Structures are given as structure tokens and as C-alpha cells.
Amino acid sequence: MIEFKLPELGENIEQGDLVRLMVAPGASVSTGQSVMELETDKAVVEVPSSVSGTVQEIRVKEGDKIRVGQVIFTVDGAEGQPSAESSAPAATPAPVQQRPIQPAESQQKRADAESSPASASANSAATPAAESRPSTARESAASPKSAASEFKLPELGENISQGDLVRLMIAPGTKVSEGQPVMELETDKAVVEVPSSVSGVVKDVKVKEGEKIKVGQVIFTLEGGAPPQAETTQTRNAPVEHVSGQHGARLAFQAAIRAEGKTEEQALPPDQPQAAAQAFSMPAQLGKVAGTEHRQAIPAAPHVRRFAREVGVDIYEVKGTGPGGRISEDDVKAYAKGLLSAATTASQAPPRAGHFAQPQLPDFAKWGKIERVSMRGVRRKTAEHLAEAWNTIPHVTQHDRADITELEQLRARFAPKAEEAGGKMTVTAIALKVCAAALKVFPQFNASIDIEKEEIVYKRYISIGVAADTDRGLLVPVIREVDKKNIVELAVELSQLSKKARDKKLTPADMEGGTFTITNLGGIGGVGFTPIVNYPEVAILGLSRSRMEPEWIQDKDGGKFEPRLILPLSLSYDHRLIDGADAARFVRWIAEAFEQPFLLSVQG
């Protein structure tokens, strides 16, 4: 069983919409046969098969959004099995070389076809041979074993497309092996070590520290490695642009209109090319939704229509500036800008959540020397996330105090046991267990709000994030299933995550999936603060420095002042979901659990 996957479609093209599937289970396909039409941001392309055989199973359907590398269908047949030496490189089609046809070029081609049909036929017949020669030449050029292979920045995780190069661990002449870390990259979520996927001797380094590196960018080349796969791919398997049409049908159309004594311009307006007619075969369902099913087709490419739908513009209201009134993406943008400027000014528009909307800064250099430093990775992402949380959530902070005198004695008593297990019995570790128990009693604090669906999402799991202060900024690693672990286990896991944060070893997965957050500034000082809720959570508990304070202790003789160790508590919460009375009860429950550890063992 052989899989056919969507090949590379061109630079910066990672996916497309499946417009039409040309195969079905049981159909026979051969190498080079067109099997699907895919609409990308630039054009509609026909994708040829790189395998041969009988189609067994189709993994996609029309209308799906398909990514490069996704399995389209499987075939069963010996002729589709690539050989070990020659066919393997050819199994991956070369990237699409998409070049839009200019109007003047298109008219020139039509004029040439009319004036010299015989020459056009000859050129069409000679095209396959001409196309095969560059492919052979490229294959021959890629064959020497001395060609240098390239190492490109691999995929780093979901929604991560780039990062800042913090440290480069290789130099020209360095030997690298597969799996060896070659660079440290700071993304929006963490600093990660990137391992090499190739082996050999470094020939040329294409980047330097401090640069912003994108996924797929060449980092370095190797001497004596295998040549890049894209170089050896046969161009006959590359997808072709749908807008170019097929030569046979084109010539037949020209012969038919000449037989009627007409020119091509008379039979078909310049803005309605034959190849583009196929693009208008599917908008019937879209017309029903937009209420335009009775309107005539207008001259606009599929990607322009889609762009107009995305920005909420009725494309039938847009005036095209291209040949024959053809509408371009720039025409849609200009029309949309006109609508916006007529409705409101840019200064009246509300600021977007997560973005800085502030007056223009003065020229500080007038008063002295300044230095500008770019907001990199973690700091930039922290600023965006906290601004989004502050603009989205109506914050309220409830303050309280907990007497932890007895708890401190128990902590000192059981600290050696935690150290033997590899952890440290801290107040934060105990707070994890206390908060997990409180979240079971007050489930609205372990929830999120879905405003679009007007629903409250209650989570049946308890995973608590702990804010960590690092030299790169604020990081929040998450401890999962806190309610199912004892305090010693939590102390060990907290110590491990803290070490990973200091050593820049945290991964994006280590900081995802939290339902509640704890932040402890007690090691620095302070008597209270207002922590910002970690959106999409609805609450966060802040711990300040505990200190000895005189407390009035009631007894049978009336009472007296005694020195007690007091821990300040600050609970910030989302007032859309949590009422003030519930917040006061929640933080008081936590304070009493700190004050009476036996209560935690009974209720937690």
C-alpha cells in the first residue's frame, strides 16, 4: 500500500482548499496524471500524481482544507512501489513554480496562435521534449555526491512560525550528527534547543545570533551530504497552474472559432478566458448563502472572491480596474478602505485586545542618550497575553490573611521527607494541594467563559500553573492532575519544573492546559498585590511574604496578643463569572485550610 501525499506547492504555500477530486476508489492512476484541483492563495492548480496503481482509499473530500504532506489517497500496485535508488527522490513532486499570466502576455499568445496555427501545433507537440530536457539536466546536476545538503529550521509546534536565534552551537568545519543540538531558539513560549536532522561537516552558516529565523529557513549547509531532495525532483511531477489551460483544448477552441470566421476576441471577451470558466462552476452554493444566486458571473479570480468574502465585501459592488473590468485583490482592499473611512475614522476605532494602543511617544533623545532594545520572544508574548487578559477580563482582587503558624511547624517537620524524594517542601507546594481541594468545592473557579457560544466551560480536571520568574521573563509551567497527587509528589514536580525553567528547558507543552494559577512573590517581599488573571482562566491566587504579626488570641481568660506567622493572600478573579461573595468565600476557605491542615485532610 502506497500513500500519495500533497506535495510542495511553492514558496510560503502550506495549504489549499480542495476544489475538485478527479479520482475515486477503484480508479487507475499513473504518474503525472492530474488527480485533484487545489485552490491556494495565489491560483487554482492541478496536482499530478507521483505514484501509479489502483486507488484503494481516499482520505479527503471536496471542500476540505489540505496541508502540504497530508495523505490524499492510497494506491495498491507494484508499479507504484518506488525503487530504493532511483524512484525514491522522484516520489516527492517539486514545488510549484507559480507565475501569473500577464494580460499583455496572454493577448500576445492568442495573437500568435491566430496568425500561425501550424506553428502553434508544432510548438505544442515539441513541448514535452523541451520540458524533459531541463528535468534531465537538473537531475544530472544534482547527482554529484559532493553537493552540500541544507539544514532548515523544522516545525517547532502549533502556531509557532519563527523565533529569535539566541545561541549558535556550530561553526564552519564543525562535525554534526543527527539529533545533536545545533542552536537555541527563543519562541513566543520558551527557549528550545533545535537538533540537527542531518549529519556531516558544516560548510556554510547562513544565519547569525540575534536574527529572527522562520520555519523552513536554511540554517547551514553540509559538505559531502546528500543533495537537497527538491533539487533532484523531476519537474514533470510539478503541479501546473489552472489558469494556463491545456494546450489541446485551447488549439481545438481556436480551430473552431476560425472555422466560423471569427476571431478569439469576438467569440470570447478578453476578460473571460476559457481557462477561468472552470473556476465559476462551483459558486452556486455560495450564491445561495450570499443571496446572489441569480447574478451573472463577474471577472474575478477565485482567490479574489474568497478574499472579498473574508473581509465582508460584496464583490459585485466592487469596480474592477483590470482589463475588461477584471477585479483584483487591490480593488477589493480599496473598496473596503472606502467603506471604513466613510463609516468611522481610525482614531475612533476601539483598540484590539492584546495590542498596544497608546499615544505616539515623544523623542526621548532630546533630553539625553537612549537605547532601544527589541521585545524578544517571551517578553513580547507576555506583553500581548497580559494586555489581552486585562482588556478582556473585568478584574477584581479580594485580599485576605492566613495564620500559618502551625502549618509552618508541619512544613519544617516534613521537609526532610520531601528532600529525600528530590523536592523541596515550600509554601507554594502546599498551596497547590490547598487550591486543588478548594477548586472541587468551588467549581466556578475551575472554569472558562465562551462568550461566542454564551456558555460556561466547567473543567473536570485540575491542572494548576505556577508563575516562575526567569531571566527571560514570566513563564507559567503547569502541573497536571494536582488533585490526584500528595504534597510530597507536588513538591518534587514543582522543583523539577522550576529547574527546567531556569535551564531554559521548558517546552510549549509544559505551559499549556492550566485551569488555575498561583503566583508567589513572598521570596521578594510585599504585603499584597493585584495579579492579572491568566486568560482563559477565571482566577489567580497571589501569595506575598509571610511575617510575624501580633494577633489577638481568644481564650478562657479573655484573650491576649500573641506573635503569629501571617501569610497575605490576593485573589484576582473574572467578575463576569464570579461574584464578590463567592470570591470572599473561596479565599476564606483557602485561608482556613492553611490555618487548619486537618481540615484539608478531611475535605480535600
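Is Glu155 buried or exposed? I began with this residue and found that Glu155 counts as exposed, at 59% relative accessibility. I note at the outset that the model is predicted.

**Entry 1. Surroundings of Glu155**

I located Glu155 in the loop between strand 9 and strand 10 (162–168). I then looked up a pair of C-alpha atoms: those of Glu155 and Val215 are separated by 6.0 Å, although the two residues are 60 residues apart along the chain.

Which order do the strands of the open sheet follow? I recorded the order 9-16-14-11 for its four strands, with antiparallel pairing. Strand 9 (149–152) and strand 11 (175–176) are the edge strands; each has a single partner strand, so one side of each lacks a neighbour in the sheet.

I examined the pairing of strand 11 in detail. Strand 11 and strand 14 (residues 200–205) are joined by two bridges in the antiparallel sense. In this pairing Val176 stands opposite Gly200 of strand 14.

Glu223 and Lys203 form a salt bridge, with 3.7 Å between the closest N and O atoms. The pair connects distant parts of the chain, since Glu223 belongs to strand 16 (residues 218–223) and Lys203 to strand 14, 20 residues apart. Glu223 is partly exposed at a relative accessible area of 37%, and Lys203 is partly exposed at 48%.

I followed the side chains along strand 1 (residues 2–5).

How many bridges join strand 1 to strand 8 (residues 71–76)? I found four, and the two strands run antiparallel. Glu3 stands opposite Thr74 in strand 8.

I then turned to Thr74 itself. Thr74 counts as buried, with a relative accessibility of 2%. Leaving aside residues up to four places away in sequence, Thr74 touches Met1, Ile2, Glu3, Thr54, Val55, Gln56, Glu57 and Arg59.

Two of the residues that Thr74 touches, Glu57 and Arg59, form a salt bridge with each other, the closest N and O atoms being 3.3 Å apart. Glu57 is partly exposed, with a relative accessible area of 40%. Arg59 likewise counts as partly exposed, at 40% relative accessibility.

**Entry 2. Salt bridges elsewhere**

Glu408 counts as partly exposed at 26% relative accessibility, and Arg411 counts as partly exposed at 23%.

Which residues are linked in a network of salt bridges? I listed Asp403, Glu406, Lys560, Glu562 and Arg564.

**Entry 3. Aromatic pairs**

My search of the whole structure for aromatic pairs returned eight. I selected the pair of Phe442 and Phe586, which is edge-to-face, with 5.6 Å from centre to centre and 85° between the planes. Phe442 lies in the loop between helix 12 (427–441) and strand 19 (447–450), and Phe586 lies in helix 14 (residues 580–595), so the pair ties together parts that are 144 residues apart in sequence. Phe442 and Phe586 are both buried. I also noted that ring pairs link Phe442, Phe445, Phe516 and Phe586 into a cluster.

**Entry 4. Helix 14**

I compared the length of helix 14 with expectation. At 1.5 Å a residue, its 16 residues should span 22 Å, and the end C-alpha atoms are 22 Å apart, which agrees. I then listed buried residues of this helix: Ala583, Phe586, Val587, Trp589, Ile590, Ala591, Ala593 and Phe594. Phe586, in this list of buried residues, is also a member of the aromatic cluster recorded in the previous entry.

Notes:
Residues are numbered from 1 along each chain as its sequence is written. This is a predicted model: local features need pLDDT of at least 70, side-chain atom pairs count only at pLDDT 80 or more; totals for chains, interfaces and linings use all residues. Side-chain values use heavy atoms; hydrogens and water are left out. Two strands pair if DSSP finds at least two bridges between them. Rings of Phe, Tyr and Trp (its six-membered ring) pair if their centres lie within 6.5 Å; planes under 30 degrees apart count as stacked, over 60 as edge-to-face and the rest as tilted. Buried means under 20% relative accessible area, exposed over 50%, partly exposed in between (1.4 Å probe, protein chains only). The expected span of a helix is 1.5 Å times one less than its number of residues. A salt bridge is a side-chain nitrogen of Lys or Arg within 4 Å of a carboxyl oxygen of Asp or Glu. Contact means heavy atoms within 4.5 Å.
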